[in-house]
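Dear colleague,

Please find below the structure that I am handing over to you. My notes on it follow directly after.

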Amino acid sequence: MATVHLRIGDLVWGKLGRYPPWPGKVVSPPKDLKKPRGKKCHFVKFFGTEDHAWIKVEQLKPYHPHKEEMIKINKGKRFQQAVDAVEDFLKKKEKQGGKEQSSEGKGDSKGKKTPTKPLKILEEDDEDLSALKDPSEKDLTDSEPSSVERLGGLGTTGPVSGFKWESSPVQDDPHFHHFLLSQTEKPASSMEPISKRLKIVEEDTRSTSIQAADSTAINGSITPTDKRIGFLGLGLMGSGIVSNLLKMGHIVTVWNRTVEKCDLFIQEGARLGRTPAEVVSMCDITFSCVSDPKAARDLVLGPSGVLQGIRPGKCYVEMSTVDPETITELSQVISSRGGRFLEAPVAGSQQVSNEGMLVILAAGDRTVYEDCSSCFQAMGKTSFFLGEVGNAARMMLILNMVQGSFMATIAEGLTLAQATGQSQHTFLDILSQGQMASTFVDQKCQNILQGNFKPDYYLKHIQKDLRLAISMGDTANHPTPMAAAANEVYKRAKALDQSDNDMSAVYRAYIH
């Protein structure tokens, strides 16, 4: 492959690890930042993020010759903002007659002295490489080298579209930092999240898998699996998941009990399966996402159900939030036919599902988890592998128990404020400035105050999750008094005909 000769100031496409190519500029590194040993590389400043990294020369391509191709294969909002930043830079440079400072930190385009700040160096294990903290938070004189220095600019495992990048297998790199989530392997570190970016998970067996990524940052750059994907259940969550699978180029066959719900996805390129059994027989990996344990069992064990289509090697991924006993039963019957089983319930809501930002909790067959890599990247921002079958169901019920109880408490606070003559709007303003501030609190409270209870997560489903969590606590002989109290409030809301409204409609249980 021909060597590309680059100079300070050249615009480039830089490829860091398994992240998508990103527009940047070759700049001079700070004097106190050492170049990685044994690596021929350039120091690059990335547009739109102000991040910096050492990138190997084989992972750099000139900006202009590859611009159109990169824009075609990368469609994310942040990516477009980065490209816009390049265009703004070029316009300013053109107005200045093509002159620019050749090194970072000496001055801006108008010749004004700029404050000297330590640069933020991209690290492979940063939580969010495209929404970085203030550069001053990272001192380059720290004794621990950055992940980019350790990695020396990792290569990708293969080409992106027709744009060829040099391959550099990470498992052969002694400097590669490994992460492991499996509870069965390392309980002490099993709960460590891999957030918002691709990470490589490697076991002692040397098998690897890629964690799900923040789809807003790499939207359009996911390489879809060539396996045929089936999806059963097009409710609030399933609809968003299927839409994102299709957007990312997966071949998807869909089925829903109400067949009319399939029409929109057929228009988007999905195929139609007449029964769950037919979908499973046609596909390599079939996902399901339905409302409760009974629906999950009926889908597998009922007439023309999943079990009738299972053959040796077929994969079945249960995404419904159900109890561990149901998951264990389904795993056993699928495995009895030679199928491979994974549970993968998701944390989120309809909006989060539509945005492709779900959190996926997986457990069961590790090889199925790895086969689902591109699917999980398309539908979620983060995935966890939690070990043996049942662990994901347990964790999901605990999370929803906390969320449901919290929602009921917020509703109680709003109504108590009103009952004691306090402004509910002021209560929300104060809440949003404190330690409990979150998008969840803000959106739910705003909806309550506006009387908007359009379902984002059905009230009947959060009550079901509370009920199952309480039962799980009983089985473990563990008290759940807070969840039990919240459950009673949701039951009252259901009695007030709020089942098909959003979970925030629990508010109405306090005012009737």
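In what follows, two residues are said to be in contact, or to touch, when heavy atoms of the two lie within 4.5 Å. Please also bear in mind that this is a predicted model.

I begin with Ile 222, to which that definition applies at once. Leaving aside residues up to four places away in sequence, Ile 222 touches Met 248, Ser 374, Gln 377 and Ala 378. Ile 222 is placed in the loop between helix H4 (215-218) and strand E8 (229-232). Although Ile 222 and Cys 375 are 153 residues apart along the chain, their C-alpha atoms are separated by 9.1 Å. Ile 222 has a relative accessible area of 8%, and buried means under 20%, so Ile 222 counts as buried.

The chain as a whole

The protein chain has 19 helices and 16 strands. Of its 512 residues, 51% are buried. Among the contacts in the chain with a separation of 6 or more, 64% are accounted for by residues 24 or more positions apart. The accessible surface of the chain comes to about 24000 Å², and 50% of that surface belongs to carbon and sulfur atoms.

Lys 464 is located in helix H17 (residues 459-475). Is this lysine buried or exposed? Its relative accessibility is 5%, and Lys 464 therefore counts as buried. What lies 2.8 Å from a polar atom of the Lys 464 side chain? The backbone oxygen of Thr 321 is found at that distance. Not counting residues up to four places away in sequence, Lys 464 touches Ser 291, Asp 292, Pro 293 and Thr 321.

Ser 288 belongs to strand E11 (residues 285-288). With a relative accessible area of 0%, Ser 288 is buried. Its side chain makes a polar contact of 2.9 Å with the side chain of Tyr 316. Again setting aside residues up to four places away in sequence, Ser 288 touches Leu 232, Leu 299, Tyr 316, Val 317, Glu 318, Met 319 and Ser 320.

Helix packing

For helix H14 (residues 391-419) and helix H16 (residues 439-450), the axes come within 11 Å and cross at roughly 45°. H14 passes H16 in a right-handed crossing. On the H14 side, Gln 403, Phe 406, Met 407, Ile 410 and Leu 414 take part, and they meet Phe 440, Val 441, Lys 444, Cys 445, Ile 448 and Leu 449 in H16.

H14 also packs against helix H18, which spans residues 481-495, and the axes of H14 and H18 come within 9 Å and cross at roughly 60°. That angle makes H14 oblique to H18. The crossing of these two helices is left-handed. The contact is made by Met 401, Gly 404, Ser 405, Met 407 and Ala 408 of H14, together with Met 482, Ala 483, Ala 486 and Tyr 490 of H18.

The axes of H17 and H18 come within 9 Å and cross at roughly 145°, and H17 passes H18 in a left-handed crossing. From H17, the residues involved are Leu 459, Ile 462, Gln 463, Leu 466, Arg 467 and Ile 470. From H18, they are Ala 483, Ala 484, Ala 486, Asn 487, Tyr 490, Lys 491, Ala 493 and Lys 494.

Positive phi angles

Ser 304 is not a glycine, yet it has a positive phi of about 55°. Ser 304 sits in the loop between helix H8 (293-301) and helix H9 (306-309), and it is partly exposed, with a relative accessible area of 31%.

Asp 497, likewise not a glycine, has a positive phi of about 65°. Asp 497 lies in the loop between H18 and helix H19 (508-511). Its relative accessible area of 67% places Asp 497 among the exposed residues.

Yours sincerely

Methods:
Residues are numbered from 1 along each chain as its sequence is written. This is a predicted model: local features need pLDDT of at least 70, side-chain atom pairs count only at pLDDT 80 or more; totals for chains, interfaces and linings use all residues. Side-chain values use heavy atoms; hydrogens and water are left out. Helices (H or I, at least four residues) and strands (E, at least two) are DSSP runs, numbered from the N terminus. Buried means under 20% relative accessible area, exposed over 50%, partly exposed in between (1.4 Å probe, protein chains only). A polar contact is a pair of N or O atoms within 3.5 Å; within protein, one must be able to donate a hydrogen and the other to accept it, and residues adjacent in sequence count only if both atoms are side-chain atoms. Accessible areas come from the Shrake-Rupley method with a 1.4 Å probe; for residues, only the protein chains shown count as cover. Axes are lines fitted to C-alpha atoms, for helices over the stretch in contact, and angles run from 0 to 180 degrees between N-to-C directions. A crossing is left-handed if the near helix is turned anticlockwise from the far one by less than a right angle, and right-handed if clockwise. Angles under 35 degrees count as roughly parallel, over 145 as roughly antiparallel, 65 to 115 as roughly perpendicular and the rest as oblique.
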